[in-house]
Amino acid sequence: MIFNIIFFSLLAIIILAAAIYAVVQKDLLYAVIATGVISLVLSIYFFIMQAPDVALTEAAIGIALTTIIFVITIRNTSRREDEIPVNKEPDREEETK
Amino acid sequence: MKRAFILLLLVVVGWVLADTFSQINFGESRMGDIKQQETVGAYYLNNTVEKLSVANVVTAIVVNYRGFDTLGEVTVLFLAASGLASILYRRKKRGEHDVMILKNSSQLLQTGAKLIFPAILVLGAYVFIHGHLTPGGGFQGGAIIASGFLLMFMAYKDYHVSHNVLTWVESVAGILFVSVGIWGLISGATFLENVLGTGTLNDLISGGVIPLIYIAVGFKVAAELTGVLETLLNFKTEK
Amino acid sequence: MDPILYNKIISVGVYGSAIGLILIGLYAVLVKKHLTKIVIGLSIIDAGVHLLFIAVGFIKGGTAPIFSEKGIELVNQGTAMVDPVPQALVLTAIVIGFGVTAVALSLVIRLYRHHHTARIDHIKSLKW
Amino acid sequence: MNNIVLIILILLAGGVLSFLLNQIKPLLSGVTAFVATVAAAVLFFTGTGTADNFDFVLGGMHLSMGINGYSWIFGALILGFSSLVLLYSISYMKGRDRLGYFYLNFMLSIMAMMGIIFSRDFISLFIFWEIMTWSSFLIVVYQGLSEGRVGIKYMIFSAVGGYSMLLAIVFMKAQMGTVLISDLVSHFSGFAIQQQTMVGILLLITFGVKAAVMPLHVWAPRAYSDSPMSYTSVFSGLLSKMGIFGMGIVLISVFANSSTFGTNTFYISNVLAWLGAITGVMATFYAVIQTDAKKLLAYSSIGQLGYIVMGLAVGTKLSVMAALFLAVVHTIFKGTLFLVVGAVERQTGTTDMTKLGALIRKMPWTFLAALISIIALAGIPPLAGFVGKWMFYESLIVSDHYFLVIMAFLSSTAAFLYCYRFLFGIFLGQEEKEFENVKEAPATMVIPMVLMAALLFVFGVFPGLLFDPIAKGMEVLGMGTVDWSMTVLSNGWGDHVDTMSIISAIGTIFILAFIYLALWNRKRTRYVTTKDIHTSGEIPTENENLTYAVDFYKPFERAIEPVMKRTMDFYYNHLGEGLESFFNFLRRFYTGNGQTYALYVIVFLVILILFSKQIFL
Amino acid sequence: MVISPVHYIALPLLAAFLMPLLAKVNRELVRIIPGVVLTYLLFVSVVLMQRVTETGQPIIETLAGWQAPWGINLVFSQFTGFLVSLMVFMATLIWIFSYRFKKVDNEPALKYYILFMMLVTGSVGVVLTGDIFNMFVFMEITAIASYSLTSFYRDRDGAEAGFKYLLIGSLASTFMLLAILLLYTQVGTLNMAMIAERMHTVPVGMKVTILILFLTGLGIEAEMFPLNGWAPDAYSQAPSPVGATFAALVVKAGVYSLIRVIFTLFDIQGAYQYLIIMGIITLIIAEFAAMKQTNLKRMLAYSSIGQMGFVLIAFGIGTKEAVFGALFLMFNHAIIKSLLFMSGSFFVYNSTSKDIKGLSGIGKKFPYMGFLFSIGAFAIVGLPPFSGFWSKLYILIAAADESMLALVAIILLVSIVEIVYYFRVVAKLYFGKPTDKEVVHKPTFGGYFSMTVLAVVILLVGFYPDIITGFIHRAADTLLDKGAYISNVLSVGH
């Protein structure tokens, strides 16, 4: 029982800490990895709450795929949240029709 | 100031959520007698084995009881892939090729990827073929396969999955899903109805059309997720 | 240990982390300026909601709703099974969430290309 | 098929057909419209009587159309007058683009007006009322002046009017369950006093807007002058009469049956009478200071409508009779005058009275029509205007409305000023070089004008021709029988004025004077141009016009300046601007920042949560 | 195979999955297939509506062989059937309009038609389904298709509008999920009929919380103030046929879901007042904001929001006549706003800028388009004899019957504002000084056709509303008869 309590509180602490880290971290890559951690803990949660199907889904989609599309996005945009905007005017109008 | 205001708002939201969920006791069964009325969850647990011969009740719900949801869900993925492709569409200049944004990775990763890739594919296939028996199913299997492809994308700069193949797999799997549903209609039953014999519990070939649908879903999800990755990876912003 | 207290602690842990995730995610959505951060916030909210679903369906001492040989055995012994419906719903919700995230990120890329910035307070050419 | 439906269908078909035919040949467009209106008129005058009813159920509501003595007056006026105007239009509008559009809307307005007078319930009245509004709006903006601002202003006021009627309608429907006008008349006494007042005021606002009563008149001058002249004559002559038509029903039939207080003491009527009087005076003042003939006529119209409203609001037998008589006559003379201005505009290209002059020789027939109409307007015997005014003053005096009489006299007197200016500025005075080659308007334009002028003469000599239908109409309105005779005006003191004797006397003088001027005095006139004037030895520069046409009433303007300083227009504009900046402020809610929108969502949620007890329980 | 409501979902999905393959056979097929499917669905609508009208009973289709509370079911009643038929009708016309609307590459064209068809399917599904979670799924289908279509042109503003829409839409789906979860814990079922049946057992506090979550989530879809920040952007930046689709289908689905939740699921009287209050605020703010717009499509968008506010007011009054009026208004709004978007789009397409100023005199070059736009403008402000008048009249009468004269007065005052901004555009279109720009983009034949059909419908309904009122009356009765809904759905198979 004590073990369970410790385990659950550990999970709660990790997941909340990861979430807070993901929100406050200025380097988006780390933030994204923190969201991966959230998904990981989430799938552990799912697993111990007798939802193996969901745990599996969360593991595959949340940890691997979501993280990677975030990473790709960051590669395509800017990595740091507090990045000074490039001193460029926005495009005037549509580029392709 | 604004931040404090937002925090205040969030406190209210959190308080309401906490208050609400404190009324929903954790870990208690809500299935038996919600005011002497049987919930659908209990019904599913009591009837799945008997009526569908499917071991995994979640699969039974996802594919059969609420199969319509799953059809919608597959459609959502399909739409997300289409929408993504449409948003990131770029008219290619003459002679331009897709360029991956990832760099070539180390020899180690490449070799490892080459070794693991088939294993991942097999695992994914296993997961969705056994969806009605064990945890897992079409989505999970599809996602696993897609992550296998992701590994290959990361390992090899020039690794491409043919769009043609993806399209074919995606479409055929989708058509299969809908056709199974329409099969039910044509054979005089309802849409998506389990028109095949259900077999015996815990056999690989049991549960009627459920494995069939899950295999279709698996292929479709795999193809769509891979397609999403491929599209995203091939989109390069000029820096 | 008192089982009621135990249950309370566990429920605070699970519900707490779920609601905490929702609130943290909302905070990111409402305060953070970077588009990617906002999308991260959305996916954190999603995670919290999914956790709530599973937590609500959970039954203390229940087993996974799978009638494998072992499962049947356990059921015959009188063990309850957790509610499968929320699990099925979450399965759907996760996939939908992924779809939305993918579209969102593609829009982020598009916006960055046009505006050369990913700060949401700089992206307001449509207003009033 | 029912004649009422047939008339409306003929007019509608005429409009659509002329729209289509314009694609083939523009001329056909006008001809079709004319023919259709004449056909409808023939049908109306020959075959339509009170027996023609048309009841139907539309959209779950019981609607009814028909005709009675009161509406017959207006129906006859509409179809007769618009046939003539359409004949005039054929030449007047020649060569303009989008004629199909013009005639379609023209015919729609006529159809709508016929629909209004046929309506026996408020729903169909409202439907036709709004059709009339938007079709006239489309013609107001037709010439593309002032970027449609005038049209919008017109539309705003019409919408205020239309929607107050709608409000009254839904109220009636909720209260009585039907929307028949006769039901309102019989149920009105059953309403509480607030309800009576509300329904009364709402309906009067509706009709007041069209009749351009004082605080609601600001759309009228520009809207009248911005439309093509052939339509303006309809606008001022007929559309505004629809307001009078409705007011007649409300003020007389409906209010008379309010048991709480009789017609004469119902204060709304008194207020309205005063508003009419003020409208009359103010509009006349404005008319005097105008230099544009169109605007002059527009203001004059408003002023005349003020009289008519006053007459209706006073509500005695004689005053109502006078008002209705004036309404008919006003249509004819003001219509004619607008047509005259239209002819002048078409021939010379301008309606600015400071530029025009001496067209009497170029356009004699037009002048004749203008002269007769102006005399009628001024209320000089032997023309119809005199009869109306006579009855009008008499009724006011008899019913002890002395202040109103003073106001009416004031504005009538002032009306002489603009009458003179109009005649002088356009037709008399010195000749301008640039108008040397002006010719008389084509016959199709002259004939309607002259015909109507002749009509004025006939009605002046035989007012009984008009008294007959008017008396019948007043009976329908519930005023009891009204005595009249063909050529004799009776008054409250029992005196009788034989129009024949007045007319023969004045007619003789007039003819003699005319002969004298035309034959003997002709040779003694000397033709000079506007520049041929010597002022204290200074020779005026080339482009300085020093005739009476310029600054004609400068002293008068100075005298009435304090009254003119603040126009209603000014307040309305300020109101509009204020509202617009308020709107601009409100839409700042949509900041453009997606995050703010997300914040709104959460704020909304929190507000709902915090006030959930108040809102939901 | 008997014609049944599931065709509305199954066939478009089948076609959507087929289309990528067919694109490899012939490019043109991609553009044609949706039309074929939609036309077939129109036929289905006619058949089913006939059946429903004849029997007076809803068609309840169980799916996957599981009867009402256990499986998902589709309910094609006179109410949902009416909405669905309207949606399919509009979608068909919009397809005809958008056929070769603009020249786009083949690949985006494929995506466009897939997304468009799914937008239609999603909206139809929301209306048809009898299961609350399934409704959520269809809503997400609609939403994702909308996000993608909003930014279909991949231009700067399109992406921005799409992202805003997505941001708010995600919040909406979060709240809706939470509400569904709470509802499930309370009543143990997801079937709407059964939820409605068991709703009285839910404690009041919980009930209100769930309702609030639903109202927030669905209010976003229904463009309720202040949740509608995304709407003007999305409407104005989406391709015009999509803008028309939003107005004609997507919002209707949102309003439907809101109404279904309030009228059928919950039994809280305060919700009706809430609808009236929010409707008034939405109406006022939106119309006032529309007044000052310089961009034509944005103006139409705000006007659309305002109309939805009006619809909500009417539903909030809650009497039979008011609901009838509200449904009538939904019908009118779908048709009229589509016409306005379609004709307006050609003006915008051909003008130098997207501003209303740039439209000056363009009606001279496109007299017919101008004519259609004017019909639309007149109809939407509720001038007789166009169709918009009748719905307005019915709603006002219903409000007056409940002696809400102040409400009537407010609506009428706001209508004046509406008149001002619409007529300003009409006046400008026809009588402004024309710009010298050449006419570049003539409407396609399909464009002419669909707009003409819409205009004819407007005039037809305007002149003779009884051709449609019968259906709407029965639809209103069906919506208000909650007991019949529950017993009909739950009795299937028992």
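A: Chain A is made of three helices and zero strands, where helices (H or I, at least four residues) and strands (E, at least two) are DSSP runs numbered from the N terminus. Along its sequence the pattern reads α-α-α. This is a predicted model, in which local features need pLDDT of at least 70 and side-chain atom pairs count only at pLDDT 80 or more, while totals for chains, interfaces and linings use all residues. Residues are numbered from 1 along each chain as its sequence is written, and chains are lettered from A and ligands numbered from 1 in the order in which they are written.

The pLDDT, the predictor's confidence in each residue from 0 to 100, averages 83 over chain A, with 85% of the residues at 70 or above. Within chain A, helix H2 (residues 28-48) has the highest confidence, at 90, and helix H3 (residues 52-76) the lowest, at a mean of 87.

Of the 97 residues in chain A, 49% count as buried; that term requires 20 or more other C-beta atoms within 10 Å of the residue's own, while 12 or fewer makes a residue exposed and anything in between partly exposed, with C-beta atoms placed from the backbone. Two residues are in contact if their C-beta atoms, placed from the backbone, lie within 7 Å. Among the contacts in chain A with a separation of 6 or more, 52% involve residues 24 or more positions apart.

Now for chain B. Here there are eight helices and zero strands, giving the pattern α-α-α-α-α-α-α-α. Of the 239 residues of chain B, 52% are buried. For contacts in chain B between residues at least 6 apart in sequence, 71% join residues at least 24 apart.

One helix pair of chain B deserves a visit. Helix H6 (residues 138-155) and helix H8 (residues 210-234) of chain B pack at about 35 degrees, and their axes are 7 Å apart. These axes are lines fitted to C-alpha atoms, for helices over the stretch in contact, and angles run from 0 to 180 degrees between N-to-C directions. Ala, Val, Leu, Ile, Met, Phe, Trp, Tyr, Cys and Pro count as nonpolar, Asp, Glu, Lys and Arg as charged, and the others, Gly among them, as polar.

Finally, let us see where chain E meets its partners. With chain B, 49 residues of chain E and 50 residues of chain B take part. H5(E) gives the largest share of chain E's side, ten residues, and that side divides into 31 nonpolar, eleven polar and seven charged residues.

With chain D, 53 residues of chain E are in contact with 47 residues of chain D. The largest share of this side of chain E, 14 residues, belongs to H17(E). By class, the side of chain E that touches chain D has 40 nonpolar, seven polar and six charged residues.
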